[in-house]
Amino acid sequence: MNTNTTMNHRFTAAAEDLDVHESPAPPTTTSTHPFQPQPQRRPRGFAATNSNNNNNTTTTTSSGGTPTKSRKEREKEKERTKLRERHRRAITSRMLAGLRQYGNFPLPARADMNDVIAALARESGWTVDHDGTTYRHSSPSPMQPPPVAHFNSIQQNNSNVPNVQGAHPVLSGESPLFSGSPKNCSMRSALDCQPSALRLDENLSPASLDSVVADRDGKVDKYSITSAINSSECLDPDQFVHANGISGTSYIPVYVRLATGLINNFCQLMDPEGVKEELQHLKSLRVDGVVVDCWWGIVEAWSPKKYEWAGYRELFNIIREFGMKLQVVMAFHEYGGNDSGGIFISLPQWVLEIGKSNQDIFFTDREGRRNTECLSWGIDKERVLRGRTGIEMYFDFMRSFRTEFDDLFTEGLISGVEIGLGVCGELKYPSFSERMGWKYPGIGEFQCYDKYLLQNLEKTAKLRGNPFWARGPENAGHYNSKPHETGFFCERGDYDSYYGRFFMNWYTQILIDHADNVLSLASLAFEETQLLVKIPSVYWWYKTTSHAAELTAGYYNPSNQDGYSRLFEVLKKHQVTMKFVISGLHAPYQEIDGAFSDPEGLNWQVLNSAWDQGLSVAGQNLQPCYDRERLVRLVETAKPRNHPDSRHFSFFVFQQPSPLIQRTICLSEIDHFIKSMHGEVSS
């Protein structure tokens with residue numbers, strides 16, 4: 001009987017291998033023969049997926065012959081999954097920003113949760129290797145909880161010890177970083193100066209230690225962080241000086257921008273004696289140097305390649321007499337507006353004449369309105385300027401300056417040359433033009449509707465295989481719209497659709513290519529001279545997911561990606577110093593304007609992204625400062641006290657108030673600011 005059963009099993013297995021659809025049912029038997037076949041394993045992974053798909057196909061075919069979900073429903077499900085993932089990434093981005101800004105965690109620009117867990121573990125006294133291995137250097141034996149009488153005796157013996165933690169001691173699971181007492185120590189110093197009875201319980205698990213920031217291992221010093229609020233009881237004298245002042249910190253040179261109206265439209269110095277008086281005043285404040293704008297609309301005003309530098313030569317000679325350093329700005333933009341004091345400097349007249357017959361050389365908005373503040377980046381390689389391209393025209397101007405003032409370069413008087421790359425000399429699209437009706441905090445408009453940029457967009461869309469994408473967004477609102485009022489910038493808006501990502505990548509790439517092309521020629525014109533590029537501070541709507549104002553300005557920096565690293569890679573290639581415009585505003589400002597602005601958050605992202613790329617970073621205040629509170633914030637931005645790599649600005653350009661206000665109101669404040677930048681203030 002057993003032999004027959006075994007043979008039946010073998011024939012059954014062979015039949016299953018030949019034809020699974022005709023496999024007979026296995027015979028029922030109670031035999032325990034050693035050659036009985038083993039039951040089949042449940043398929044896993046892709047095999048399970050294929051098996052389920054085959055089963056579903058068989059089921060649906062037998063029932064109705066149509067699939068359970070249509071292709072459209074599957075596509076909708078994919079989009080919903082992507083939206084959930086983007087929402088999760090946005091939440092993660094906000095968490096990382098909070099840890100960096102308020103917890104001083106040295107997380108990289110593109111940190112993930114592994115970096116966060118590793119940082120928390122290191123701050124809690126653990127060692128985390130590069131491969132993720134986590135351990136303690138010493139594993140003390142488990143400590144038994146002392147009896148109540150013994151604990152009372154410890155309290156009596158330590159009654160003379162100063163109470164470091166105040167009336168309410170910090171529990172084992174509570175982080176001193178976020179406790180309310182202003183007497184909290186830094187994380188490492190706090191544990192070192194506490195009595196032994198107040199030390200953390202070594203039996204705590206890593207999960208319970210996540211919120212405890214305490215680094216007691218000298219081998220992980222590079223990950224240690226000092227709290228922004230330090231206790232003088234837990235600091236040595238050197239740390240005390242740094243915690244209560246900035247005496248002995250790095251020396252940051254301070255430059256002051258001279259007034260624009262010193263040179264008239266005929267390139268003549270207007271008031272030499274007034275310039276000398278101003279320079280004497282700056283010299284008394286121990287200012288290191290001055291910044292002078294060299295206007296393309298003045299030097300090459302009337303005819304192409306006819307340059308007039310007489311007024312600048314006279315001005316530079318006066319600056320040389322006072323022994324001050326000089327930075328010059330190649331200003332290829334227009335000057336004028338509400339804050340210009342009635343001074344207006346246009347683009348060269350011969351360029352404006354070309355613009356009358358070919359208005360597409362200027363940036364254009366969706367309504368077709370032309371912005372004459374600067375030339376469109378679409379003509380960088382188009383020969384529309386009397387036989388020259390845009391970048392050739394910029395190069396000829398820079399080469400003329402370098403030849404004219406060769407003696408000043410040889411002497412070392414000129415310490416740097418800033419290359420103007422857009423409106424206001426900043427690398428951005430003219431998306432916030434007041435002459436077009438823009439008012440803060442409007443999101444601005446895209447400036448890509450001139451003929452040359454549209455041709456570039458059409459070419460890029462065809463190469464991508466989607467020629468119908470050769471258009472600008474139709475639901476991006478107008479200059480003074482708010483993000484939630486538009487279909488493009490709102491939460492889960494079109495900016496994050498397939499088309500939106502294509503358009504924003506193209507729009508940003510135009511900005512990056514313009515910087516790359518101009519800086520390549522600037523490096524040839526100014527060999528061995530430090531080049532500078534000014535980056536704008538577009539901080540309004542920074543706390544929304546789309547960052548709408550940054551997007552229209554040309555920076556694709558939504559909440560789920562870094563929109564500055566690609567540009568900074570280009571600046572690093574040309575060894576350029578990035579000069580960032582600092583707003584000087586603080587966090588409560590966002591509650592006043594209602595624009596979800598975050599100047600400090602933007603400052604942190606841009607500066608650390610540049611430092612991560614190895615760039616030299618400088619700063620400039622956005623508006624003149626009159627009070628010490630704003631000036632102190634500028635100093636703290638230029639010299640981050642708790643930066644893990646001790647980064648600081650290479651220099652700072654100070655936008656000074658008017659001479660009347662400066663001499664009557666805030667002269668002492670400016671003097672204190674300059675001494676703080678020089679590291680001479682002790683408190």
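The model being a prediction, every value below is computed. Cys-374 illustrates the result. The closest cysteine sulfur to that of Cys-374 belongs to Cys-424. The two sulfur atoms lie 9.2 Å apart, which is too far for a bond. A disulfide would require the sulfur atoms to be within 2.5 Å. Cys-374 is also buried. Its relative accessible area is 4%, and the limit for a buried residue is under 20%.

Two helix pairs were then examined. Two packed helices are described by the angle between their axes and by the distance between the axes.

The pair of helix 12 and helix 15 comes from separate stretches of the chain. Helix 12 covers residues 390–404, and helix 15 covers residues 498–525. Their axes are 9 Å apart and form an angle of about 30 degrees. Helix 12 is therefore roughly parallel to helix 15, because angles under 35 degrees count as roughly parallel. The crossing of these two helices is right-handed. Helix 12 contributes Ile-391, Tyr-394, Phe-395, Met-398, Arg-399 and Arg-402 to the contact. From helix 15 come His-514, Asn-517, Val-518, Leu-521, Ala-522, Leu-524 and Ala-525. Nine residues of this contact are nonpolar, two are polar and two are charged.

The pair of helix 20 and helix 22 was described in the same terms. Helix 20 spans residues 628–638, and helix 22 spans residues 667–677. The axes come within 10 Å and cross at roughly 15 degrees. This angle makes helix 20 roughly parallel to helix 22. Helix 20 passes helix 22 in a right-handed crossing. On the side of helix 20, the contact involves Arg-628, Leu-631, Leu-634, Val-635 and Ala-638. These residues meet Glu-669, Ile-670, His-672, Phe-673, Ser-676 and Met-677 of helix 22. By class, the contact holds seven nonpolar, two polar and two charged residues.

Lys-573 is exposed, with a relative accessible area of 52%. The cut-off for an exposed residue is over 50%. Lys-573 and Leu-519 are 54 residues apart along the chain. Their C-alpha atoms are separated by 9.7 Å.

Note on methods. Residues numbered from 1 in each chain as written. Predicted model: local features only at pLDDT ≥ 70, side-chain atom pairs only at ≥ 80, totals over all residues. Heavy atoms only, no water. Axes fitted to C-alpha atoms, helices over the stretch in contact; angles between N-to-C directions. Helix = DSSP H or I, 4+ residues; strand = E, 2+ residues; numbered from the N terminus. Parallel < 35°, antiparallel > 145°, perpendicular 65-115°, else oblique. Left-handed = near helix turned anticlockwise from the far one by under 90°. Contact = heavy atoms within 4.5 Å. Nonpolar A, V, L, I, M, F, W, Y, C, P; charged D, E, K, R; others polar. Buried < 20%, exposed > 50% of the residue type's maximum accessible area, 1.4 Å probe, protein only.
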